Amino acid sequence: MSVRELVVLGTASQVPTRHRNHNGYLLRWDGEGFLFDPGEGTQRQMLRAGVAAHDINRMCVTHFHGDHSLGLAGVIQRINLDKVPHPVSAHYPRSGQRFFDRLRYATAYRETVALTEAPVDTDGPLVHTSGYTLEARRLSHPVEAYGYRIVEPDGRRMLPDRLAAHGIEGPDVGRLQREGSLNGVALEDVSEVRRGQRFAFVMDTRLCDGVYALAEGCDMLVIESTFLDEDESLAVEFGHLTAGQAARVAREAGVRHLVLTHFSQRYADPDAFEREARAAGFEADLTVARDLQRIPLPKRRA
């Protein structure tokens with residue numbers, strides 16, 4: 001049975017708190033796991049959340065600030081210690097190669113797993129599989145940063161009334177789906193487009209074209225909201241978003257489920273982020289992320 005859910009490992013920004021670990025997010029996408037921005041403490045948070053090293057197929061790092069990458073050293077070593085049986089790929093800004101190298105070989109350990117380095121240096125598709133395309137878009141931060149987007153190919157939804165009108169039933173339905181036509185009836189005659197799901201991960205950035213491109217039409221958008229709107233000048237100065245800005249992006253992009261995260265330690269009331277997002281006009285599903293939370297992706301659009 002396929003599972004698509006976000007496991008939140010940490011939600012703090014630069015400074016962790018008693019209740020928020022540094023960043024870390026695992027997206028379960030059917031049989032694959034995408035680990036995004038593992039900050040310090042990610043390995044322990046994985047244990048607490050029931051996430052194993054075997055669950056990781058790809059590691060996606062937006063940029064090389066410590067709260068988004070210092071956990072790489074421990075996670076990579078754990079992948080090797082547990083002798084994960086499948087290859088693991090790492091995506092990260094090419095300009096940070098020296099940082100990745102230091103983290104990968106921070107201490108001595110025995111390498112047992114094929115870890116493929118796949119640095120990012122341009123916008124566009126990174127990986128195509130039968131189940132998804134992984135894309136990247138450049139963001140606006142004091143160091144080079146990229147956001148990531150996963151797009152499922154569109155499929156077809158069979159329409160029972162049209163199948164019945166053409167006398168197609170039983171095993172012939174599967175044959176028509178596989179072959180594209182049957183006895184002069186085309187697949188398009190008895191089905192409609194079922195849009196694939198879309199997921200985007202946007203961390204430290206000012207508003208920029210990349211943010212909007214990543215968010216467009218997403219079923220779930222995980223996006224930083226380090227600051228509240230009252231501190232928008234700080235957000236611009238340090239290359240971040242406010243809750244209101246993130247919500248306006250999501251509203252304009254038609255996002256179905258908005259997940260706000262990466263909160264500054266200066267704010268004691270997490271409900272303030274939801275209030276600002278709603279005040280910005282975002283009316284769809286909204287989650288102010290908590291550590292160790294599991295958030296299922298919305299069901300496919302009808």
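Predicted model: local features only at pLDDT ≥ 70, side-chain atom pairs only at ≥ 80, totals over all residues.
Q: Let's start with strand β1, is it buried or exposed?
A: Strand β1, which covers residues 4-10, has 7 of its 7 residues buried, so the rest of the structure largely encloses it.

Q: And which strands does β1 pair with?
A: With strand β2 (residues 24-29), β1 pairs in the antiparallel sense over 6 bridges, and 3 bridges also join β1 to strand β18 (residues 294-296), again running antiparallel.

Q: Which residues face each other there?
A: On the β2 side, leucine 27 is the bridge partner of leucine 6, while in β18 arginine 294 stands opposite valine 7.

Q: Switching to rings, how many aromatic pairs are there?
A: The count comes to 12 aromatic pairs, and one of them is the tilted pair of phenylalanine 36 and phenylalanine 199, with 5.9 Å centre to centre and 40° between the planes.

Q: Where do those two sit in the chain?
A: Phenylalanine 36 lies in strand β3 (residues 32-36) and phenylalanine 199 in strand β14 (residues 198-202), so this pair ties together parts that are 163 residues apart in sequence. Both phenylalanine 36 and phenylalanine 199 are buried.

Q: What about tyrosine 267 and phenylalanine 273?
A: Tyrosine 267 and phenylalanine 273 form an edge-to-face pair, at 5.6 Å centre to centre with 85° between the planes. Tyrosine 267 is buried at a relative accessible area of 14%, and phenylalanine 273 is buried at 2%.

Q: One last thing, what lies over the face of tryptophan 29?
A: That is arginine 4, at 4.0 Å from the ring centre of tryptophan 29.

Terms used. Residues numbered from 1 in each chain as written. Heavy atoms only, no water. Buried < 20%, exposed > 50% of the residue type's maximum accessible area, 1.4 Å probe, protein only. Helix = DSSP H or I, 4+ residues; strand = E, 2+ residues; numbered from the N terminus. Pairing = 2+ DSSP bridges. Phe/Tyr/Trp six-rings, centres within 6.5 Å; stacked < 30°, edge-to-face > 60°. Lys NZ or Arg CZ within 6 Å of the ring centre and 35° of its normal.
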